[in-house]
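Here is a short report on one protein chain.

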Amino acid sequence: KQWYQRRVAITAGGRGETVTVRIPTYESGTALYWEFATQNYDIGFGASFEWEEEEGDNIGTPHDKTLEMTVRREPILPILRRSSHEKVITGSHAFPRCGTYLLMFDNSFSLLRSKTVYYRVFYTR
């Protein structure tokens, strides 16, 4: 297993904020696992996966082709409020391809309270 561990402080200012943690996949990995908890209050959480694809026209010879990289994004979990102050929230997702996971901690519904999120992310080989 490969581990990442960080503490993220999410501060509510005005309409609150969303913090996105970007976790890349690895060729030797097969799945991503996450767990997180907050102190005192709930927080919104969701996850997406993004990757790059080559796009180009198929007109002409291979020397004439124009290729561009396009970023695609696929939602895995919608952002919903989670009771992470009452229990540790866990989840996992099998790598669909090489790319980057986006773990989103959303405090936009809280106008007055800042949140501290403790999370750990790891992948399996």
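## Salt bridges and buried strand residues

Glu-35 is partly exposed, with 23% relative accessible area; the term covers values between buried (under 20%) and exposed (over 50%), using a 1.4 Å probe and protein chains only. This is a predicted model, where local features need pLDDT of at least 70, side-chain atom pairs count only at pLDDT 80 or more, and totals for chains, interfaces and linings use all residues. Residues are numbered from 1 along each chain as its sequence is written, and side-chain values use heavy atoms, leaving out hydrogens and water.

**Fold.** The chain has eight strands and zero helices. Strands are DSSP runs of E, at least two residues, and helices are runs of H or I, at least four, numbered from the N terminus. Of its 125 residues, 38% count as buried. Contact means heavy atoms within 4.5 Å. Among contacts between residues at least 6 apart in sequence, 81% join residues at least 24 apart.

**Salt bridges.** A salt bridge is a side-chain nitrogen of Lys or Arg within 4 Å of a carboxyl oxygen of Asp or Glu. The count is five. Three of them are tabulated.

| Pair | Closest N to O distance |
|---|---|
| Arg-22 and Glu-50 | 2.4 Å |
| Arg-81 and Asp-42 | 3.2 Å |

Arg-81 sits in strand β5 (residues 67-82) and Asp-42 in the loop between β3 and β4, so their bridge ties together parts 39 residues apart in sequence. Arg-81 is exposed at 53% relative accessible area. Asp-42 is buried at 18%. Salt bridges with shared partners also join Arg-22, Glu-50 and Arg-73 into one network. Within it, Arg-22 is partly exposed at 46%, whereas Glu-50 is buried at 10%.

**Strand β7.** Which strand holds Thr-100? Thr-100 lies in strand β7, residues 100-106. Its relative accessibility is 17%, so Thr-100 counts as buried. Beyond residues up to four places away in sequence, Thr-100 touches residues including Arg-22 and Glu-50.

Leu-103 is also in strand β7. At 1% relative accessibility, Leu-103 counts as buried. Its contacts, not counting residues up to four places away in sequence, include Val-19, Trp-34, Phe-45 and Val-121. The C-alpha atoms of Leu-103 and Val-19 are 8.3 Å apart, although 84 residues separate them along the chain.
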